[in-house]
Amino acid sequence: MDFQYSYQKSSKDFTPKNNKPPRKRKINYRKMIIVIVALALLIFGTIYVSVDLVTTWRKHDLKTDIPVRESLQNQPHIDASPTPKADENQAAPLKVVYLTFDDGPSKYTNDILNILKEHGAKATFFMIGSHLNRHKDEVKRIVEEGSYPGLHSMSHDVNKLYKSGGSSRFIEEFKQEQELVKDIVGFAPDLIRAPYGSKPHVDEVFRGDIAEAGFRMWDWTVDSLDWNLPDKPDKIAEQVSQSIHRDLEVILLHEREQTVEALPKILDILHDCGYEFKAYDSSEHVIANFSGDSRL
Ligand SMILES: [Zn+2]
């Protein structure tokens with residue numbers, strides 16, 4: 001009823017009356033509304049197109065102008081300082097994380113592979129040569145499920161590897177391990193991780209020798225400290241959570257019980273921060289050694 005009333009009233013208003021001015025005013029008013037609406041649409045449309053263009057440019061820049069290799073070279077060090085969380089609203093999922101598990105293969109390898117599988121993730125395993133024979137099936141499974149069988153020396157012994165007056169013992173151990181892994185998986189992996197990291201034992205000449213022997217070497221960007229946090233899986237996850245901030249992270253983990261317990265949470269955190277999980281791929285090599293040495 002109200003509607004009908006007002007409608008009738010308003011249509012009445014539009015009927016010509018004796019004098020012209022009122023009608024003229026009504027028409028101007030309608031015109032004004034049309035102009036305002038048109039202007040609003042124009043302004044809104046311009047803003048929308050601009051924002052869209054900026055977003056497109058940004059995506060383009062991220063994809064083409066920031067080589068992953070360089071961003072890592074600039075920040076190859078352990079950085080466990082608290083850092084801001086990644087922006088969850090970021091449009092492009094260009095962040096990559098390489099999870100690395102050291103000191104296996106072990107009785108935990110299958111558990112780690114199971115959890116990775118559940119989360120659709122892959123990883124890189126830096127295995128100790130003297131462990132290989134006892135866990136051949138796990139080594140095969142690592143490769144079958146898309147993860148990478150990295151090398152971590154035969155002995156993992158500081159004295160043997162670094163205190164014999166040169167790089168020859170170190171390189172000898174890695175060549176020996178490379179052959180063993182090749183016998184199990186059918187190809188010779190060339191990515192190594194120096195036990196305890198490349199600093200301070202692996203100097204510039206040493207690194208040159210490693211490169212000349214045909215190896216690549218990774219340290220890490222994030223140390224989970226998992227080896228030192230037995231029975232504290234939440235602390236391990238927290239340590240990872242507080243340390244990640246780069247578009248490319250290489251996270252140091254070990255084949256330990258507490259690490260297995262922390263792993264589902266770590267995977268969730270990384271996933272929520274927009275990281276894509278990758279295993280090492282020699283065709284997409286990135287430099288991740290503490291010295292930023294491009295030979296490795
Ligand atoms: Zn180790």
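Me: Before we start, how are residues numbered along each chain, and what pLDDT do local features need?
Reply: Numbering starts from 1 along each chain as its sequence is written. In this predicted model, totals for chains, interfaces and linings use all residues, side-chain atom pairs count only at pLDDT 80 or more, and local features need pLDDT of at least 70.

Me: What pLDDT does the protein average?
Reply: pLDDT is the predictor's confidence in each residue, from 0 to 100. Of the residues, 72% score at least 70. The average for the protein is a pLDDT of 81.

Me: Over residues 1–22, how many contacts beyond four places in sequence does the model have?
Reply: A contact here means that the C-beta atoms of two residues, placed from the backbone, lie within 7 Å. For residues 1–22 the pLDDT stays under 50. Where pLDDT is low, the predicted coordinates should not be read in detail. With that caution, the number of contacts is 3.

Me: Are α4 and α10 roughly parallel or roughly antiparallel?
Reply: Helices are DSSP runs of H or I with at least four residues, strands are runs of E with at least two, and both are numbered from the N terminus. Helix α4 (residues 109–118) packs with helix α10 (residues 257–272) at about 5°, their axes 10 Å apart; axes are lines fitted to C-alpha atoms over the stretch in contact, and angles run from 0 to 180 degrees between N-to-C directions. Angles under 35 degrees count as roughly parallel, over 145 as roughly antiparallel, 65 to 115 as roughly perpendicular and the rest as oblique. That makes α4 and α10 roughly parallel.

Me: Which residues of α10 make the contact with α4?
Reply: Good one to look up in the structure. On the α4 side, the contact uses D111, I112 and I115. From α10 come V260, L263 and P264.

Me: Which residue stands opposite F125 in β2?
Reply: Strand β1 (residues 95–104) pairs with β2 in the parallel sense over 4 bridges, where pairing takes at least two DSSP bridges. Opposite F125 in β2 is F101.

Me: Why does I192 count as buried?
Reply: I192 lies in strand β4 (residues 191–192). A residue is buried if 20 or more other C-beta atoms lie within 10 Å of its own, exposed if 12 or fewer, and partly exposed in between, with C-beta atoms placed from the backbone. I192 counts as buried because its C-beta neighbours inside 10 Å number 25.
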